[in-house]
Amino acid sequence: MKKFDCIHALKALGEENRMRMVRMLLKKERSVNEIAESLDITQYNVSKHLRVLREAGLLQTEKQGQQRLYSLAEDFRSHLSDNNNVLDLGCCTFDFNKLPK
């Protein structure tokens, strides 16, 4: 697994909506609109949260026409798959199976 910068990963995952977004993206890639609708938050706020996750190396984007589709970065996804959706940063762990709805 790619080593994630612990401080950036903690900052990115330290907000509940970002944790929810990661859990959504475990299932499939999504657009900002889909995430905003599902979480009932503004597209502007979704975009800000996605930027933080992307800068931490947890997300990747793919442009399809006018939209950008967000998905988990391959290294991040494979690490979660290998560990039953648990991210171990060494300093702490995040269990995406035990998140609030």
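Buried means under 20% relative accessible area, exposed means over 50%, and partly exposed is in between, using a 1.4 Å probe and protein chains only. This is a predicted model, where local features need pLDDT of at least 70 and side-chain atom pairs count only at pLDDT 80 or more, while totals for chains, interfaces and linings use all residues. Residues are numbered from 1 along each chain as its sequence is written, and side-chain values use heavy atoms, with hydrogens and water left out.

**View 1. Serine 71 sits in strand β3.** Helices here are DSSP runs of H or I with at least four residues, strands are runs of E with at least two, and both are numbered from the N terminus. Serine 71 has a relative accessible area of 11%, so it counts as buried. Look for valine 22 too: it is 49 residues away along the chain, yet the two C-alpha atoms are separated by 8.5 Å.

**View 2. Here is the largest nonpolar core, with 29 residues.** A core of this kind is a set of buried Ala, Val, Leu, Ile, Met, Phe, Trp, Tyr and Cys residues joined through side-chain atoms within 4.5 Å. Leu13, Leu50, Leu53, Phe76 and Phe96 have the most contacts inside this core. Two or more residues come from each of α1 (6-13), α2, α3 (32-39), α4 (43-55), β3 (67-72) and α5 (74-82). The top contributor is α2, with six residues.

**View 3. Isoleucine 35 has its place in helix α3.** Its relative accessibility is 0%, so isoleucine 35 counts as buried. Methionine 21 is 14 residues away in sequence, and the C-alpha to C-alpha distance between the pair is 7.1 Å.

**View 4. Arginine 20 and glutamate 16 form a salt bridge.** That term means a side-chain nitrogen of Lys or Arg within 4 Å of a carboxyl oxygen of Asp or Glu. Side chains of opposite charge can pair when their charged atoms come close. In this pair, the closest N and O atoms are 2.6 Å apart. Because they are four residues apart in helix α2, arginine 20 and glutamate 16 are separated by about one helical turn. Glutamate 16 is partly exposed, at 40% relative accessibility.

**View 5. Glutamate 55 and arginine 51 meet in a salt bridge, at 3.6 Å from N to O.** The structure holds two salt bridges. Both of these residues lie in helix α4, four residues apart, which is about one turn of the helix. Glutamate 55 is exposed, with a relative accessible area of 55%, while arginine 51 is partly exposed at 37%.

**View 6. Aspartate 40 has a positive phi, near 55°, though it is a residue other than glycine.** You'll find aspartate 40 in the loop between α3 and α4. At 70% relative accessibility, aspartate 40 is exposed.

**View 7. Asparagine 84 is a residue other than glycine with a positive phi, near 55°.** Asparagine 84 lies in the loop between α5 and β4 (86-88). Its 58% relative accessibility makes asparagine 84 exposed.
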